[in-house]
Amino acid sequence: MAHASALPTEDRPAARGGARAPGRAALDRERLLGMAVIAIPCAIAAVLAFYDITGRSLWLDEAASVAIASQHGAALWHAIEHDGGNMLAYYAFLHVVIGLFGDGVLAIRIASALATVATVGVTVVLAKRLFDARVAFAAGVLTAASLTLVYWGQDARSYALMMTFAVASYLAFAALVEGGPRARWVWLAYVVATVLAAYMSFEAVLIVPAQLLSLVWRERRPLRSVAWAVAVAAACCLPLLVLAERRGSGQLFWVPKPNFTQLHQMLEALLSAGLQPNFHLTPTGTPLLLFTGVLVLAVIGAMLRGRRASWQEMLVLCWLAAPIALALLESVVVQPITLARVALLSVPAASILIAQGTLSRRVPRLLGLGVIAVLLVLRGLELAPSYGASPENWRAATAHVLAAARPGDCIAFYPEDGRQAFSYYIAADTGAAARAPRSVLPALPWSEVRPFVENYTAPRGPALASIEAGCPRLWFVSSHRGQKSGPPASRTDYARYVALLGSLSRAYPAGSSVSYGWASPVRVELFSRCAAVRGAGRCRCTTRCS
């Protein structure tokens with residue numbers, strides 16, 4: 001024993017180090033696994049969001065984003081104000097992006113792609129905090145493979161960024177409710193994330209009632225901290241309320257009352273089983289919708305049956321259901337809103353719920369993993385056809401006009417919003433402005449970028465006669481023309497379109513038309529005073545025809 005205590009001192013630290021080595025190695029492995037749980041879903045999200053990100057044509061709303069964000073000073077503020085303050089923070093952010101990097105397709109869409117990757121990462125962190133690493137990893141992969149999120153991650157609109165801040169708000173809310181160190185920083189993070197989500201899009205305010213509702217199932221409720229956080233966030237959003245009140249509900253004039261089609265599209269978006277009418281229904285769409293719907297209902301049933309659900313489970317369930325229920329209530333009682341975009345808010349909740357239910361210890365491990373694998377395969381089959389598909393193909397429509405235009409041609413848009421998308425592709429093509437027809441509706445040179453949002457202008461009388469007299473050949477480009485059986489304002493817009501089309505058809509004896517896209521197809525019509533001479537292969541003109 002005396003000899004053991006007399007060992008050289010340099011040998012004893014080596015022995016202790018050798019004893020600690022296995023523990024250190026295990027800690028390193030655990031740290032690497034923890035990083036992989038986040039990194040792998042984020043990497044999948046990056047591949048899916050960035051793949052062919054420039055392949056799809058801009059659509060009307062993306063062109064509006066560019067036109068609004070390209071303004072400066074008072075013009076920028078007036079354009080944002082005209083939109084009721086919706087997406088205020090996004091337009092300001094995109095204004096900076098365009099100033100630094102230009103308005104190329106990649107430049108204007110890259111922020112949405114990066115935001116989608118961030119949304120997946122935050123979803124993983126939140127799911128790990130609420131449950132465990134297995135659930136977090138599966139939830140992250142399912143979220144990354146969501147057609148709904150990937151689509152908006154390749155779109156120059158605010159919804160992808162809204163989702164990042166919305167999920168961050170839930171993460172901060174969970175930390176705030178569960179307590180712990182750095183409470184002040186958590187409180188501030190919740191306020192900032194919630195406010196930024198609302199400034200990205202109005203729909204984000206629906207996450208707050210869902211969060212508050214979950215507190216019913218929480219035994220220890222930090223009501224004071226949460227109440228102050230919600231009150232401060234609400235105060236910060238007052239400018240948005242003022243702008244929205246000034247604008248009124250006019251910007252949603254085209255949204256119909258809830259119907260079966262809308263509810264079906266909402267469920268597709270929520271369960272990542274399709275995105276109609278943007279993309280055609282695929283052979284796997286309905287099976288994926290039914291499989292995921294039954295799975296979600298089964299998980300909810302198991303969660304509520306025979307035991308008291310945990311607060312973590314109820315937080316996810318409230319996140320899944322409350323925004324959609326509130327949107328439906330508002331659409332029926334107050335003002336119809338776009339249900340499919342509201343469903344976007346709950347997509348991560350559906351992924352977490354599925355992951356938690358299928359990987360529960362009550363479910364055989366192989367069965368749970370098999371269900372996740374089937375879901376990923378079906379979601380992949382839904383994603384693949386969406387790449388490069390342009391449901392509203394302004395790029396092709398612009399190319400068609402430029403290829404067939406002649407000197408002296410004119411072009412008119414209905415609504416005038418269409419000029420924003422057409423002008424974008426004119427600017428992207430060197431020398432296109434010189435070949436493009438002269439814009440008469442609206443009357444504006446191609447060198448000037450101006451937002452035309454919801455401008456359903458249809459000239460009549462002397463104004464229309466002046467256009468017809470000065471344009472031997474008139475290109476008439478229309479999209480989002482209004483709805484024949486939609487809400488009253490939308491029916492009025494459609495009737496105005498029909499009247500304008502009828503006037504042009506009477507003024508010009510010859511015409512042709514072609515459409516590009518399917519969701520809101522871009523219809524390109526050429527009206528000409530040249531009437532085809534039967535069998536002659538040439539044209540007879542009632543007036544000079546260039």
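His480 sits in the loop between strand S3 (473-478) and helix H24 (488-507); helices (H or I, at least four residues) and strands (E, at least two) are DSSP runs, numbered from the N terminus. This is a predicted model, where local features need pLDDT of at least 70, side-chain atom pairs count only at pLDDT 80 or more, and totals for chains, interfaces and linings use all residues. Residues are numbered from 1 along each chain as its sequence is written, and side-chain values use heavy atoms, with hydrogens and water left out.

Back to His480: its phi is near 55°, a positive value in a residue other than glycine. Most residues other than glycine have a negative phi, and most peptide bonds are trans. Glu454, in the loop between strand S2 (438-441) and helix H23 (462-470), also has a positive phi, near 60°. His480 is partly exposed at 26% relative accessibility, and Glu454 is partly exposed at 23% (buried means under 20% relative accessible area, exposed over 50%, partly exposed in between, with a 1.4 Å probe and protein chains only).

Now for the peptide bonds. Gln276 and Pro277 are joined by a cis one, with omega about 5°, and Pro277 lies in the loop between helix H14 (260-270) and helix H15 (285-304). Another cis bond links Tyr414 to Pro415, with omega about -10°; look for Pro415 in the loop between strand S1 (410-414) and helix H21 (418-428).

Finally, a helix pair. Ser351, Ile354, Ala355 and Thr358 in H18 meet Gly368, Val371, Ile372, Leu375 and Arg379 in H19, where contact means heavy atoms within 4.5 Å.
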